Amino acid sequence: MYLKDENATLKLGDKLAKSLPDGNVCIHLEGDLGAGKTTLVRGLLHALGHQGHVKSPTYTLIEKYSLPRGPVFHFDLYRLADPEELLYLGVDDIFAEQDALLIIEWPQQAGSLLPAPDLLIQLQYQPEGRELQFQAFSARGQEICEKLHK
C-alpha cells in the first residue's frame, strides 16, 4: 500500500481502527525514524474516540488510553536499552489486560519479551510518500488485512 502524505496516513489509521476485531489485538509497527508510525497511531486513536493530543511515548515508553473499545497501550521502544527494562514497567499486567489493543513501535528492541503480533506493519520511505507492507501472523491479523484491502 502506498501513502502519499500525512493525511493519507491518518486516513489509514482511521480505516485500521474500523478493521479491528473485538478482543485482544497486538500490532507491531516497524520503520525508520520519521516514517509515520506515530502518525498512523494518531489516526487510529482518534478514530477510536480519543479527543486529545497523541504524542510518541518515546520517553515514557508506554501511553495508556481508556477508550470505548477497551484499553489501548501505545508503546515506543526506541529508547529501550535492554529488553529487561520492560519487566520493570509492569508489562506482564498490561499483556494480561482483557480486550486490550497493543500498538508497539520498535518491537525489535524488546527481544522475545513481547507477545507475538497479530499484525506487522512496516513503513518505508519512498521518494514521495511511504510504502506500507502488512503481514498477518494470526486469524485476527488476517481478518484485519482483509478488511483493509476492501
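Modeller: The structure is a predicted model, in which local features need pLDDT of at least 70 and side-chain atom pairs count only at pLDDT 80 or more, while totals for chains, interfaces and linings use all residues. Residues are numbered from 1 along each chain as its sequence is written, and side-chain values use heavy atoms, with hydrogens and water left out.

Helices (H or I, at least four residues) and strands (E, at least two) are DSSP runs numbered from the N terminus. Buried means under 20% relative accessible area, exposed means over 50%, and partly exposed lies in between, with a 1.4 Å probe and protein chains only. Contact means heavy atoms within 4.5 Å.

Of the 11 residues of α2, 8 are buried, so this helix is largely enclosed by the rest of the structure. These buried residues are Lys37, Thr38, Thr39, Leu40, Val41, Gly43, Leu44 and Leu45. Thr39 has a relative accessible area of 14%. Leaving aside residues up to four places away in sequence, Thr39 touches Glu6, Thr9 and Leu10. After α2 comes Gly49, with a positive phi near 115°.

On a 1 Å grid over the protein atoms alone, a cavity is a set of points where a 1.4 Å probe fits but cannot get out; a pocket is an open set with protein on both sides within 12 Å along at least five of seven lines; lining residues have an atom within 4 Å of a point. The volume is the space filled by probe spheres set on the points, which are joined across faces, edges and corners.

The search of the whole structure finds 1 cavity of 30 Å³ or more. The largest cavity has a volume of about 40 Å³, and its lining consists of Leu16, Ile27, Leu29, Leu40, Val41, Leu44, Ile103 and Ile121. Two elements, β2 and α2, each give two or more residues to this lining. With 3 residues, α2 gives the most.

The largest pocket holds about 280 Å³ of space. It is lined by 20 residues, and those closest to its centre are Gly34, Ala35, Gly36, Lys37 and Thr38. Both α1 and α2 give two or more residues to the lining of this pocket, and the largest share, 3 residues, comes from α2.

The neighbouring helix α1 deserves a description of its own. It covers residues 6-19, which makes 14 residues, and it reaches 20 Å from its first C-alpha to its last, close to the 20 Å expected at 1.5 Å a residue. (The expected span is 1.5 Å times one less than the number of residues.) In α1, the buried residues are Thr9, Leu12, Gly13, Leu16, Ala17 and Ser19. Seen down the axis of α1, they fall within an arc of 160°, so they line one face of the helix. (The arc is that of the directions from the helix axis to the C-beta atoms.) Lys11 and Lys18, on the other side of α1, are exposed. The buried face packs against β1 (2-3), β2 (25-30), α2 (37-47), β6 (119-125), β7 (130-136) and α5 (139-148).

Ser19, which lies in α1, is buried at 3% relative accessibility. Apart from residues up to four places away in sequence, Ser19 touches Ile144, Lys147 and Leu148.

To return to α2: with 8 of its 11 residues buried, this helix is largely enclosed, and it gives the most residues to the lining of the largest cavity as well as the largest share to the lining of the largest pocket.
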